[in-house]
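Let us walk through a protein model together, one region at a time. Keep the structure open beside you and look for each residue as it comes up.

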Amino acid sequence: MSKKKNIKITKNLTKGVNEFKKFISRGNVVDMAVGVIIGGAFGKIVTSLVNDILMPLIGTILGGLNFNSLSIKINDANIAYGSFIQSIVDFLIIAFCIFLMIKIFEKFKHKEEKLEEPCKKSDEVLLLEEIRDLLKNK
């Protein structure tokens with residue numbers, strides 16, 4: 001390779017690395033990474049809740065039904081629809097928890113906005129107050 005090509009490749013690589021550094025250093029990427037990690041851990045907790053507590057209770061209420069053993073065998077294929085039902089319950093619980101968390105965050109966000117924004121006067125009110133003050137001074 002010629003020196004010009006090497007310099008161009010080095011410049012492009014440096015530019016790409018700098019853009020990547022900017023991207024990674026943004027708060028949104030870090031927040032998203034933390035959210036994914038916490039979400040994965042939360043998913044494990046909810047899965048355990050569904051598999052170890054809720055589904056056995058529901059199975060007992062339904063007469064000792066074990067959802068893990070629910071399956072249909074068609075030729076050589078074993079369709080485990082009991083596991084699928086557990087996954088649906090798992091998803092619904094996670095979705096509901098996320099819904100509640102978003103509602104709570106929105107409530108706190110609105111409270112903070114109300115505290116931060118003092119009551120702003122409209123332009124008309126400011127103008128009328130200015131006229132009032134001028135008339136008082138005469």
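Before we start, one term: two residues are in contact when they have heavy atoms within 4.5 Å of each other. Please also remember that this is a predicted model. The predictor gives each residue a confidence score called pLDDT, from 0 to 100. Over the protein chain this score averages 82, and 93% of the residues reach at least 70. Among the elements of the chain, strand β1 (residues 72–74) has the highest mean pLDDT, 91, while helix α1 (residues 3–25) has the lowest, 79.

Now find Q86, which sits in helix α3. Is Q86 buried or exposed? Its relative accessibility is 6%, so Q86 counts as buried, since buried means under 20% relative accessible area. Which residues does Q86 touch, once its neighbours within four places in sequence are left aside? They are V50, N51, M55, F67 and N68.

Some of those names come back in the next stop, the largest nonpolar core. This core is made up of six residues: V46, V50, M55, F67, L70 and I93. Helix α2 supplies the largest share of the core, three residues.

Let us move on to the largest pocket, which has a volume of about 260 Å³. Two elements give two or more residues to its lining, namely α2 (27–61) and α3 (81–116). Of these, α3 gives the most, with six residues. You can trace the lining through G35, I38, G39, F42, I94, C97, I98, M101, I102 and F105. What kinds of residue are these? Eight are nonpolar, two are polar and none is charged.

Helix α3 also holds F91. With a relative accessible area of 55%, F91 is exposed, because the word applies to values over 50%. How far is F91 from F108, 17 residues apart along the chain? Their C-alpha atoms are separated by 26 Å.

For another pair, look at D52 in helix α2. D52 has a relative accessibility of 54%, so D52 counts as exposed too. D52 and N68 are 16 residues apart along the chain, and 11 Å separates their C-alpha atoms.

Next, go to the loop between β1 and β2 (77–79), where you will find N75. Most residues other than glycine have a negative phi. N75 is not a glycine, and yet its phi is positive, at about 50°. N75 is also exposed, with a relative accessible area of 71%.

Our last stop is K121, in the loop between α3 and α4 (123–137). K121 has a relative accessible area of 47%, so K121 is described as partly exposed. Which residues does K121 touch, not counting those up to four places away in sequence? The answer is L126 and E129.

Q86 is buried, K121 is partly exposed, and N75 is exposed.

Notes
Residues are numbered from 1 along each chain as its sequence is written. This is a predicted model: local features need pLDDT of at least 70, side-chain atom pairs count only at pLDDT 80 or more; totals for chains, interfaces and linings use all residues. Side-chain values use heavy atoms; hydrogens and water are left out. On a 1 Å grid over the protein atoms alone, a cavity is a set of points where a 1.4 Å probe fits but cannot get out, and a pocket is an open set with protein on both sides within 12 Å along at least five of seven lines; lining residues have an atom within 4 Å of a point. Grid points are joined across faces, edges and corners, and a volume is the space filled by probe spheres set on the points. Helices (H or I, at least four residues) and strands (E, at least two) are DSSP runs, numbered from the N terminus. Ala, Val, Leu, Ile, Met, Phe, Trp, Tyr, Cys and Pro count as nonpolar, Asp, Glu, Lys and Arg as charged, and the others, Gly among them, as polar. Buried means under 20% relative accessible area, exposed over 50%, partly exposed in between (1.4 Å probe, protein chains only). A nonpolar core is a set of buried Ala, Val, Leu, Ile, Met, Phe, Trp, Tyr and Cys residues joined through side-chain atoms within 4.5 Å.
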